[in-house]
Structure formats: structure tokens, C-alpha cells
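Subject: Structure handover

Hello,

Here is the structure for you to look over. My notes follow below it.

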Amino acid sequence: MAGEASSSRPKRQRVPSIAQSVLPDGGEEEDAVEVERSGTLFELDLLDCPICCVTITSRIFQCDNGHVACLSCCVKMKKKCSACTLPIGKYRCRRMERVVEAVVVSKFKRGYTAVVKKKIQSFAGEASSSGRKRQRVPLVFEEECETGGAGDLVVRPGTLFELDLLDCPVCCDALTDHIFQCDNGHIACSSCCTKLRHTCPSCTFPIGINRCRIMEKIVKAIIVPCPNAKHGCTETFSYGKELAHEKKCSFVLCYCPALNCNYSGLYKNLYSHYAANHKDTDKRFRYGYSHHVYLDIETKISVLQEYADGPLVVVQCFKEPQGMYFTVNCIAPPSPGVGKFSYDISYSTAGFC
């Protein structure tokens, strides 16, 4: 499976998202169009140098404690970290440099007043000229109304399309709390550092001691929607947290069990689809009543549906050297709010001439 690391491969393979077209009855079918996932960054100050508060556009350096600074500030501070006085200006934070380059900030919309930007610039200039520590200026702009007055304040977010920058380059899983960096700027998650015996796989330098704290903050700050957002889910999560939700999301697609049918949709839509297109009154059941199912060894599958357009239950049989095996599954996502069912099963064999 793509979601699990294979023992026969050094890295997990990335699987692109597939766009899906909506069918008239609410279902969807897969197309061959790839959709690029993205995350939103509202805390754009994380892309600024913490010393001069200017967006870092060139090299980013970090000290052994994980504090970062731009090249200009490293020179001005004589290569001593202002937060902990450790040396800074030698070791690059290369993954963070790529993130800064990859974040896309939308252009100012028409109607945004330039007066606010001038006020922000003048405020920053006054703070620096007065000798006080420069204050961080929030990236908030004021929109003009049609009448020429000031409207609501609008926060300017950034978008990161290259979400693989937030994955560990070794195991390809989403980076978590502890991210480590070697002296050459390569990163790895704590689990991989242990498995690699604290040796960087890219340059063989030691890794697993110095934290890359700025990347830890970025990973937590990037907000991504549920992978089932296109199907109606409105939940959002920090990057990497959406995978646990996806397993029990009620908007996950369910596939029609009928042969030669490519329908897929939300589980309630699937029930209606099956009742309308694959109606079989002999395979309807009611809760609390026994129902007999005749399975041919060659067919191996029987689909039952609760009367009207109720849940679908799939009964399968498998012949093994030890005997016959049966499975009973209800087609529905394992999410809160979806009913759980129990059953009693017994079987008998019948011979035909």
C-alpha cells in the first residue's frame, strides 16, 4: 500500500491526489487529472528573521540551540546568537530556505488602501530610529469600501503547494514535534535519526542532536483541509494530523459492490444508488429477523440491503484447506454517528445432482 513503508523499498512512494468528476446521482468517478494539495500559513512572521523582522530571502543560519537569523544579522551580531550567545552564521537551515521560497503570498487585491502600508512602514521606522527593539508588524491590511471608507481588516495568508517539504526525506512521513538537522542542513525525524544511528544518510555527518525548531513551528502552523474536503468535509488540521481523521471521516468515498459498476460516493448516496440501480428484492433484510443467503462457491459474494435504501451488507465465503470461511461487512465509514451492527451467523451445506 502507498500509505505504508514497504520492507522491499527504501522509501515510501508518493501518491498524487486524483481529481474526481461528479455524476448526476451524486456519485463520482475517477479521472486522470492530478490535483496538487496545498496548505495555508497564516503566521507569515515565521518566515521573517527574528532579529530584523524582514522576510528572509537569502541564506538562513541557525545556532546549535535552533535559533535562526538571516545572513545580514549574523554579520551585524558578529556571528553570536542574540538569544543564547552561541555561534551562529556557519550552519545553514536549508529546508527552511526552501520553504520560504515555496510559500506563495497572493497579490494585494484591488481596493486595498496604500495608506495602511505607509502607516505600517512609518511605525516600523519610528520604532527602529528611537533605539528601541523593533516591533513585529502584523501582516494585516485594511480594505476600502465602495464609498471610500475603511472596511474590515483582512489577514494575508500564504500558501504552500510543495507539502513534501514538510515530510521527512528519509521515511517520507509527515514531520512531527522533534526535527533534527546535521551540520550540512539536512533534516530527519527523531525516529529516523535513531534507526540511522545518528548518521545523516546524505552526508554521513552526525544528526540527532541539534533541533531545527523553526521547521517544527512551520509544520504546526501549516493548516491543511481534510483529504475529503471535495466531498463536503469542512475539518482542517495541522499538517500530518489529517491522516488520523481521514480513517474515520464520514465523507470518505464508498464503492459500489455490484459487479462492473464503477460508482463511488458518500455512503448514504451509495445506498440510494444501489437501491435504484441494482434492486434485488430477494436480497432485502430487516433488522431483528433472520435471513437466508445462498452462496455459490464460484460466486463467493452476496450483497444484502436493508429494506428501502438502508445499509449494504456484503457476505463473502472462501474455501480453504481447513474448511469454509465467511466474512460479513457493512459498507460504511468507521466514523462517529454511523450506526454499528451485530449479527449471528450459521451455515449449512447442500448438495446438488
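Among contacts in the chain between residues at least 6 apart in sequence, 48% join residues at least 24 apart. Contact here means heavy atoms within 4.5 Å. This is a predicted model: local features need pLDDT of at least 70, side-chain atom pairs count only at pLDDT 80 or more, and totals for chains, interfaces and linings use all residues. Residues are numbered from 1 along each chain as its sequence is written, and side-chain values use heavy atoms, with hydrogens and water left out.

Overall make-up

The chain has 7 helices and 19 strands. These are DSSP runs (helices H or I, at least four residues; strands E, at least two), numbered from the N terminus. Of the 353 residues in the chain, 34% are buried. Buried means under 20% relative accessible area, exposed over 50%, and partly exposed in between (1.4 Å probe, protein chains only). The chain exposes about 22700 Å², and carbon and sulfur atoms supply 52% of that. Accessible areas come from the Shrake-Rupley method with a 1.4 Å probe; for residues, only the protein chains shown count as cover.

Cores

The largest nonpolar core has 51 residues. Such a core is a set of buried Ala, Val, Leu, Ile, Met, Phe, Trp, Tyr and Cys residues joined through side-chain atoms within 4.5 Å. Met96, Leu166, Ile218 and Ile222 touch the most other members. Helix α5 (residues 213-221) gives the largest share of this core, 5 residues. Apart from this core lies another, of 14 residues, among them Ala258, Tyr271, Val314 and Val338.

What does Leu166 touch? Leaving out residues up to four places away in sequence, its partners include Arg95, Leu160, Met215, Ile218, Val219, Ile222 and Tyr239.

The buried residues of α5 are Ile214, Met215, Glu216, Ile218, Val219 and Ala221. They pack against β3 (39-41), β5 (68-70), α2 (94-102), β10 (179-181), β12 (222-225) and β13 (236-238).

Arg284 lies in strand β16 (residues 284-285). Arg284 counts as buried because its relative accessibility is 11%. Beyond residues up to four places away in sequence, Arg284 touches Ala275, Lys279, His291, Gln305, Glu306, Tyr307 and Ala308.

Gln316 sits in strand β18 (residues 312-320). With a relative accessible area of 26%, Gln316 is partly exposed. Gln316 and Lys300 are 16 residues apart in sequence, yet 5.5 Å apart in space, C-alpha to C-alpha. Setting aside neighbours within four places in sequence, Gln316 is in contact with Lys300, Ile301, Tyr325, Phe326, Thr327 and Asn329.

Surface patch

Phe326, Tyr343, Ile345 and Tyr347 make a nonpolar surface patch of about 450 Å². Patches are made of residues with over 30% relative accessible area and no salt bridge: like charges are joined within 9 Å, nonpolar side chains (Val, Leu, Ile, Met, Phe, Trp, Tyr) within 5 Å. A salt bridge is a side-chain nitrogen of Lys or Arg within 4 Å of a carboxyl oxygen of Asp or Glu. Phe326 belongs to strand β19 (residues 323-330). Phe326 is partly exposed, at a relative accessible area of 31%.

Cysteines

How many disulfides does a search of the whole structure find? It finds 0. A disulfide is a pair of cysteine sulfur atoms within 2.5 Å. For Cys200, the nearest cysteine sulfur is that of Cys203, 3.7 Å away. Cys200 counts as buried, at 2% relative accessibility. For Cys249, the nearest cysteine sulfur is that of Cys233, 3.8 Å away. Cys249 also counts as buried, at 1% relative accessibility.

Best wishes
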